[in-house]
Amino acid sequence: MYVMNIEVNTAMKFRTVKRHFREGSKNIWRNGWMTVASAGAVTTTLVLVGAFLALMINLNQIATNIEEDVEIKVLLELTVDEAAIETVGDKIDKIPEVSSVNFSSKEDELANLIESMGEEGNSWELFEQDNPLNDAYVIKTEDPLDTIDVAERIEDLDEVQEVNYGKDVVQNLFRFNELARNIGLVLIIGLIFTAIFLISNTIKITIMARQKEIGIMKLVGATNGFIRWPFFVEGLLLGVLGSVIPIAVIVTGYHYATNNISALTQFAFVELLPFNPFAWQLSLIILAIGAIIGVWGSVMSVRKFLKV
Amino acid sequence: MIDMQEVYKTYPNGVTALNGIDVKIESGDFVYVVGPSGAGKSTFIKLIFREEKPSKGTILVNNKNLHKMKWKDVPFLRRDIGVVYQDFKLLPKMTIYENVAFALEVIEETPKNIRKRVMEVLDLVGLKNKARFIPDELSGGEQQRVAIARAIVNYPKLLIADEPTGNLDPDTSWEIMRILEDINASGTTVIMATHSKEIVNTIKKRVIAIEGGLIVRDEHRGEYGYEI
Ligand SMILES: Nc1ncnc2c1ncn2[C@@H]1O[C@H](COP(=O)(O)OP(=O)(O)O)[C@@H](O)[C@H]1O
Ligand SMILES: [Mg+2]
């Protein structure tokens, strides 16, 4: 009798890896409408996830931009001399949260003021001889959230007359931004979990229909791993297939949004992240989410049918 | 090849299918398992390749102790045993070729050997020209031959068939028997549960009769011994 070389080998042979990929791809069309149903579930949820991600990431970016514009203006006492200006500068510089300190002399301040007033500013030129303004430091903190705390500490310094940072506005802005971010995060996590639940349920139904087949494979001597791998590949392909339409929708939609944002809103500070690379990065994220939930749904569903 | 001692099987629903089976089957034997419906023939067969576990007793197959066998080792036991089911158990979405090839892919045979060997067994069971069909496109007898092809494709030491001719017309049944005899002649042990008096009485082999979960008769070159 002809004897085949049956090697007992724990590592999978390369030809078997190829076989699993071939088998997984074949299952995509073998299962026809089941595939359409699963990929459809992936598509629906990924369109939602993608649109939501685009919105949240942009809102977050806008919030960050606004926060980064927040600065503290430290007005020094009118009486300070050169040496005192230096010491205050050093003291401010030593505060660890501070990221930049820029000195603005009373002459600079006046020049800025005159410039910002345009035509009317000309009358202020009278004051050039007897400048009523203060020398000032303009400060930014590493983390905009530290603004209030740092401002209060600087206010305590002797040489400082006044600290301006639009206290109420900043406080409200930060509170709003934090709330918006948290809500966004919760919504995205909720959405992804809903997606996983929906998709794994759809896939589970399609695999349930194949419970008998899995049993037959086991009776022919297939190990769990051998059965699982094509399902892994199939889930991966389902996820990738399911993310094609969402990516097309997001890329087209975002292209439209970036081109028309100025017409859509009256606020100059609303600026979307540039189409390139953001739209592509988002596409990649959608693809990855699709692939992960496809694989997850598929592998989790097949698991409970393997003990035969 | 097979050694059962004091084997009992009670299903979770309380039905006792086997009531103390003692039997030895040597390598190269051809054995009929006969008996009335519900006697425990299928249960006896399922214990051999671990589709069911015994409630009590020891079973040795190929010198492997099934009682001590871990879940992960079961697939390897099954690779040495070809099984032919009354309901064929073919994979419905795969072609005939793919169904038979599956048993070789499982043992990671090379694609070249797989192609060669699958066509060889399909030729043996007379289905070479239907390799690209799916099971639903075949008659019952043809599907049964596919099941046999899959069971023997990896040269198992043992071939088990549970009523392989149960649903087939007499001509097809005799053809199936011819294939099983050939396989046995090449050295493979064959165990076959059957209801066919004609087959048992014509092709004389060892007969094990089971009734009420017990072996009531075990004869070499035996008769069917029942009136139906
Ligand atoms: N999976 C099962 N669960 C519960 N009872 C079963 C199961 N399989 C078989 N039985 C019972 O065990 C007894 C023997 O069945 P079986 O081995 O199929 O007999 P046979 O193949 O000789 O007809 C019968 O009474 C049957 O109803
Ligand atoms: Mg039976």
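This is a predicted model: local features need pLDDT of at least 70, side-chain atom pairs count only at pLDDT 80 or more; totals for chains, interfaces and linings use all residues.
A backbone N or O atom of B:K41 lies 2.8 Å from an oxygen atom of ligand 1.

| Residue | Part of the residue | Ligand 1 atom | Distance |
|---|---|---|---|
| B:K41 | backbone N or O atom | oxygen | 2.8 Å |
| B:Y11 | polar side-chain atom | nitrogen | 3.4 Å |
| B:N13 | side-chain N or O atom | nitrogen | 3.5 Å |

On its own, ligand 1 has 550 Å² of accessible area, and the protein covers 65% of that. The shell around the ligand includes B:Y11, B:N13, B:V15 and B:A17, along with a run from B:P36 through B:S37, B:G38, B:A39, B:G40, B:K41 and B:S42 to B:T43. Sort these residues by class and you get five nonpolar, six polar and one charged. Which element gives the largest share of this shell? That would be α1(B), with three residues.

Helix α1 of chain B, residues 41-48, packs on a sheet and touches β3 (30-34), β6, β7, β8 and β9 (206-211) of that chain. Its direction makes about 150° with that of β7(B).

The sheet in question is open and has six strands, in the order β6-β7-β8-β3-β9-β10 of chain B, with mixed pairing.

If you want a spot to check by eye, B:A161 has B:M192 in β8(B) as its bridge partner.

B:Y155, with phi of about 50°, lies in the loop between α5 (140-152) and β7 of chain B. B:E163, whose phi is near 45°, is in the loop between β7 and α6 (170-185) of chain B.

Chain B also has an open sheet of four strands, ordered β2-β1-β4-β5, and the pairing there is antiparallel. The edge strands are β2 (16-25) and β5 (64-65) of chain B; each has a single partner strand, so one side of each has no neighbour in the sheet. How many bridges join β4 and β5 of chain B? There are two, linking β4 (residues 56-61) to β5(B) in the antiparallel sense. Across this pair, B:V61 stands opposite B:K64 in β5(B).

A:N276 and A:P277 are joined by a cis peptide bond, with omega at about 15°. Where does A:P277 sit? A:P277 is found in helix α10 of chain A, which covers residues 275-303.

Note on methods. Residues are numbered from 1 along each chain as its sequence is written. Chains are lettered from A and ligands numbered from 1 in the order in which they are written. Side-chain values use heavy atoms; hydrogens and water are left out. Two strands pair if DSSP finds at least two bridges between them. Contact means heavy atoms within 4.5 Å. Axes are lines fitted to C-alpha atoms, for helices over the stretch in contact, and angles run from 0 to 180 degrees between N-to-C directions. A residue is near a molecule or strand if one of its heavy atoms lies within 4 Å of it. A polar contact is a pair of N or O atoms within 3.5 Å; within protein, one must be able to donate a hydrogen and the other to accept it, and residues adjacent in sequence count only if both atoms are side-chain atoms. Accessible areas come from the Shrake-Rupley method with a 1.4 Å probe; for residues, only the protein chains shown count as cover. Ala, Val, Leu, Ile, Met, Phe, Trp, Tyr, Cys and Pro count as nonpolar, Asp, Glu, Lys and Arg as charged, and the others, Gly among them, as polar.
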